[in-house]
Amino acid sequence: QPVNQGAAWNVSLTRKIARVIATEARAIGVDTIFAPVVNMITDPRFGRLQEGYSENPILTAHLGEAAVLGLQNGAAPLSYLDNTSVAALGKHYAAYGSPQGGLNGGPAIMSKRTLYEQYLRPWKKMAAAGLRAVMPAHNTVLDVPCHANEWLINDVLRDAFGFGKGVALSDCNDIGVLADFRIAANRSHAAALALKAGVDWDLQCGTDPQDWGYNALPQALKDGLISLGDID
């Protein structure tokens with residue numbers, strides 16, 4: 001578990017573990033894995049604490065970087081990966097693990113300064129290491145749901161941190177959840193908000209296509225909420 005790796009305080013060990021994981025995953029045809037997880041669990045009531053390395057931003061940043069380098073075998077950004085490597089998909093972006101009341105998906109209520117100095121620190125370091133993909137978090141950051149947070153995904157991660165053309169994959173059906181946050185009027189509006197915020201892929205969970213966010217993109221196009229340029 002990542003929490004055990006954090007307790008080891010051993011950056012080189014985390015990179016070696018990541019190399020083994022990448023080699024085994026690629027050998028069976030997997031090309032992207034949902035790691036590293038750099039949630040910093042600061043509320044002990046939060047039930048997913050085993051997924052993160054530590055509640056400390058400096059340790060988490062170094063271990064997240066080591067995992068990216070190990071999974072991708074130190075590949076330079078935008079270069080092709082070798083046949084013993086996988087694309088690293090970091091999660092959950094951002095400030096996931098410190099929700100109000102310890103509840104999964106609860107709002108991350110903090111100042112912009114705290115967000116930058118603590119919760120964005122690992123993401124900046126992983127982006128510089130060549131991170132290929134991210135998964136936005138369930139929660140809101142500065143009162144905006146992460147899956148509709150163009151400032152967080154495009155302005156901060158892609159432009160300021162150098163993530164660039166890296167891929168953003170939604171968390172499970174979280175595009176449609178934008179309607180539950182009351183910032184989208186319906187499914188097509190939610191799909192348009194997520195697409196414009198920089199979410200590239202839709203992680204479709206369950207068996208009902210009505211729950212799948214980007215299945216509503218044709219309707220969003222028809223409604224004039226997005227353009228073909230946005231889709232391209």
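A pocket is an open set of grid points with protein on both sides within 12 Å along at least five of seven lines. In this predicted model, the largest pocket holds about 240 Å³ of space.

**The pocket**

The lining of the largest pocket counts 16 residues. Nearest its centre lie Leu-78, Leu-131, Arg-132, Lys-165 and Gly-166. By class, 9 lining residues are nonpolar, 5 are polar and 2 are charged.

Strand 2 spans residues 87-93. How many of its residues are buried? The count is 7 of 7, so strand 2 is largely enclosed by the rest of the structure.

Strand 2 pairs with strand 1, residues 32-33, and with strand 3, residues 133-136. Both pairings are parallel. The table sets them out.

The chain gets from strand 1 to strand 2 by way of helix 3, residues 57-71. This β-α-β crossover is right-handed.

**Cysteines**

The model has 1 disulfide. It joins Cys-172 to Cys-205, with an S to S distance of 1.6 Å. The pair links distant parts of the chain, 33 residues apart. Cys-172 sits in the loop between strand 6 (167-168) and helix 7 (187-197). Cys-205 sits in the loop between helix 7 and helix 8 (217-222).

The buried class needs a value under 20%.

Why? Its closest cysteine sulfur is that of Cys-172, 16 Å away, which is too far for a bond. A disulfide requires sulfur atoms within 2.5 Å. Cys-146 has 1% relative accessibility, so it counts as buried.

**Asp-174**

The loop between strand 6 and helix 7 also holds Asp-174. At 8% relative accessibility, Asp-174 counts as buried. Its C-alpha atom is 9.0 Å from that of Gln-204. Along the chain, Asp-174 and Gln-204 are 30 residues apart.

Key
Residues numbered from 1 in each chain as written. Predicted model: local features only at pLDDT ≥ 70, side-chain atom pairs only at ≥ 80, totals over all residues. Heavy atoms only, no water. Buried < 20%, exposed > 50% of the residue type's maximum accessible area, 1.4 Å probe, protein only. Helix = DSSP H or I, 4+ residues; strand = E, 2+ residues; numbered from the N terminus. Pairing = 2+ DSSP bridges. Right-handed = clockwise from strand over helix to strand, strands pointing away. 1 Å grid on protein atoms, 1.4 Å probe; cavity = no way out; pocket = protein on both sides within 12 Å on 5 of 7 lines; lining within 4 Å. Points joined across faces, edges and corners; volume = space filled by probe spheres on them. Nonpolar A, V, L, I, M, F, W, Y, C, P; charged D, E, K, R; others polar.
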